[in-house]
Amino acid sequence: MILDLFKLDGKVAIVTGANTGLGQGMCIALAEAGAKVCGVARRSCEDTKKAVEEKGGEFFEIIADLGTTDHIDHIISEAKNKFGKIDILVNNAGIILREDAINVTEADWDKVIDINEKVVFFLAQAAAKEFIAQGTGGKIVNICSMLSYQGGIRVPAYTSSKSAVLGMTRALANEWAGYNINVNGIAPGYMATNNTTQLRNDSKRSDEILDRIPAGRWGTPDDMMGAVIYLCSDAAAYVNGFTLAVDGGWLAR
């Protein structure tokens, strides 16, 4: 049956930024599809754990600061110690700092690039090493952005980092497809999460955004569920280096 290709029974997934928003939604989706989920965040993932377990899934919390690469080995080892292997990595954690480009400081620039780009690469590298050692292949999904394709306003570091992640996704797919590792991305549009609270609270800016979205609404974590399951499943076995937009039609406008 075709639907069997979307099942993740027996798979082990690591999801960063798992305590809230899109990360939380993707953890729930992966668990519902049958995966055991390791959620990584700086703060407690108690709400995510509760939501996953209410769906009959299994969730393991890993507390780690993803502002530095120092904790990558710890994340991998904790997941392996708990579940014995790793099959999926979803690089979701990220930050956005809004400031006029003329005023951005070097410290703020480095903070965004380190979390959104540097750690994404080295965590993907660590996961790929495990996939290769296991001999089982694996799935890596990098959360990009519609600003991987556009410039945006007042978010130069974020735009730069997310543009880099889109290119990185293609580059890693080229090198690792031969190991049966699928590297792909998801580009969310304007989502109702913590990162967009400032925009949604600005009625003028919010209306301008909604007027541009063909679907006529902000996205939600639920809108990411189908995309992440597809890219993490055998249904996407021949999909490599592609970034799927989940944006209500924004990029088509």
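Helices are DSSP runs of H or I at least four residues long, numbered from the N terminus. All views below show a predicted model.

**View 1. Thr169 sits in helix 5.**
Thr169 is buried, with a relative accessibility of 0%. A polar atom of the Thr169 side chain lies 2.8 Å from the backbone oxygen of Val165. Beyond residues up to four places away in sequence, Thr169 touches Asn142, Cys144, Val183, Asn184, Gly185, Gly241 and Thr243. One of these partners, Asn142, falls within strand 5 (138-143). Val183, Asn184 and Gly185 fall within strand 6 (181-188).

Most residues other than glycine have a negative phi. Arg154 is partly exposed, at 35% relative accessible area.

**View 2. Cys27, Cys38 and Cys45 are shown for their sulfur distances.**
A disulfide is a covalent bond between the sulfur atoms of two cysteines. The structure holds zero disulfides. For Cys27, the closest cysteine sulfur is that of Cys45, at 7.0 Å, which is too far for a bond. The cut-off for a disulfide is a sulfur pair within 2.5 Å. For Cys38, the closest cysteine sulfur belongs to Cys27, at 9.4 Å, and this too is too far for a bond. Cys27 is buried, with a relative accessible area of 0%. Cys38 is also buried, at 0%.

**View 3. Ile2, Leu3, Leu5 and Phe6 make a nonpolar surface patch.**
The patch covers about 380 Å². Leu5 belongs to the segment before strand 1 (12-16). Leu5 has a relative accessible area of 35% and is partly exposed. Residues in a patch must have over 30% relative accessible area, so Leu5, at 35%, passes that cut-off.

Technical notes. Residues are numbered from 1 along each chain as its sequence is written. This is a predicted model: local features need pLDDT of at least 70, side-chain atom pairs count only at pLDDT 80 or more; totals for chains, interfaces and linings use all residues. Side-chain values use heavy atoms; hydrogens and water are left out. Patches are made of residues with over 30% relative accessible area and no salt bridge: like charges are joined within 9 Å, nonpolar side chains (Val, Leu, Ile, Met, Phe, Trp, Tyr) within 5 Å. Accessible areas come from the Shrake-Rupley method with a 1.4 Å probe; for residues, only the protein chains shown count as cover. A salt bridge is a side-chain nitrogen of Lys or Arg within 4 Å of a carboxyl oxygen of Asp or Glu. Helices (H or I, at least four residues) and strands (E, at least two) are DSSP runs, numbered from the N terminus. Buried means under 20% relative accessible area, exposed over 50%, partly exposed in between (1.4 Å probe, protein chains only). A polar contact is a pair of N or O atoms within 3.5 Å; within protein, one must be able to donate a hydrogen and the other to accept it, and residues adjacent in sequence count only if both atoms are side-chain atoms. Contact means heavy atoms within 4.5 Å.
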